[in-house]
Amino acid sequence: MRLRNIPYAYQKLTEFPDVVIQNPIDFKGLWAEKIFGNKNGIHVEIGAGRGKFIINSAMQNPGLNFIGIEKFDSVLVRALKKNVDKKLTNLRFIKIDAQKINDCFAKNEIEKIYLNFSDPWSKTVYEKRRLTSRIFLEKYKKILAGNGILQFKTDNVGLFEFSVKEFNNFGLRIDEIRLDLHNSEPSWNIRSEYEEKFAESEKKIFFIIVNFGGKK
Ligand code: SAM
């Protein structure tokens, strides 16, 4: 996501202490008890961008908890500005690189992970950086509950093909797959910011849900 840098974005994040968790590592294994104060399932979006998807998800699902992960201060500040009046008690944001996700969450702590329009890192030399690569699947496995799921959307056919192969090689079960999500779009679909943009250009959206409970 290319964005103008926001000066002092890091300091701006501290203006939202109830929403941005500054020291997420301290809450590893404690998100339900110390942050949300309930045992509702915790869903995480990695690469939340300006937050449209995660904010709408939290609004529509008050019985679940949501955490948006974003690696850039400037992007996250925009998500917070969008969220500021909503006062959602079931939503938090953290500013980390997903590489460090295992420092923030414990075994079985997360029910579902969303990857919406993740950066494709098209050159093969960068394939380890793709958020659907085996390296990241290993990390997700360590924090997802037994039947935890990963939901992935992209407009990038190359990234989709790579991801399906990685999921298969990792032994994940495919629960749902769509090669054109917006053709008969399901009522439960919540669009992200990028998704809206691609819908206008009539680009096909690829969609898959995989289950870490393994193949049947
Ligand atoms: N999910 C949003 C959407 O669909 O509108 C934003 C998509 S944007 C193409 C990808 C976002 O993921 C960017 O905001 C980027 O900074 C973030 N991102 C990329 N790699 C990341 C990583 N390793 N950890 C955390 N965030 C990451």
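This is a predicted model: local features need pLDDT of at least 70, side-chain atom pairs count only at pLDDT 80 or more; totals for chains, interfaces and linings use all residues.
Residues are numbered from 1 along each chain as its sequence is written, and side-chain values use heavy atoms, with hydrogens and water left out.

- A polar side-chain atom of Asp 97 lies 3.0 Å from a nitrogen atom of the ligand, and a polar backbone atom of Lys 71 is 3.3 Å from a nitrogen atom of the ligand; a polar contact here is a pair of N or O atoms within 3.5 Å.
- An oxygen atom of the ligand lies 3.3 Å from a backbone N or O atom of Glu 193.

- Leaving aside residues up to four places away in sequence, Ser 192 touches Lys 52, Phe 53, Asn 116 and Phe 117, contact being heavy atoms within 4.5 Å.
- Ile 101 lies in helix α5 and counts as buried at 0% relative accessibility.
- Not counting residues up to four places away in sequence, Ile 101 touches Ile 46, Ile 69, Ile 96, Lys 139 and Ile 143.

**Aromatic rings**

- The structure holds eleven aromatic pairs, in which rings of Phe, Tyr and Trp (its six-membered ring) have centres within 6.5 Å, and planes under 30 degrees apart count as stacked, over 60 as edge-to-face and the rest as tilted.
- One of them is the tilted pair of Phe 117 and Phe 198, at 5.5 Å centre to centre with 35 degrees between the planes.
- This pair links distant parts of the chain, since Phe 117 is in the loop between β4 (110-116) and α6 (134-143) and Phe 198 is in helix α8 (residues 193-200), 81 residues apart; both Phe 117 and Phe 198 are buried.
- The rings of Phe 136 and Tyr 140 have centres 6.2 Å apart and planes at 40 degrees, so this pair is tilted.
- Ring pairs also link Phe 27, Trp 31 and Phe 105 into a cluster.

**Helix α6**

- Phe 136 and Tyr 140 both lie in helix α6, four residues apart, which is about one turn of the helix.
- The buried residues in α6 are Phe 136, Leu 137, Lys 139, Tyr 140 and Ile 143.
- Seen down the axis of α6, the buried residues fall within an arc of 160 degrees, so they line one face of the helix; the arc is that of the directions from the helix axis to the C-beta atoms.
- The cover over the buried residues of α6 includes β1 (42-46), α5 (101-104), β4, β5 (144-154) and α7 (157-169).

Key
Helices (H or I, at least four residues) and strands (E, at least two) are DSSP runs, numbered from the N terminus. Buried means under 20% relative accessible area, exposed over 50%, partly exposed in between (1.4 Å probe, protein chains only). A polar contact is a pair of N or O atoms within 3.5 Å; within protein, one must be able to donate a hydrogen and the other to accept it, and residues adjacent in sequence count only if both atoms are side-chain atoms.
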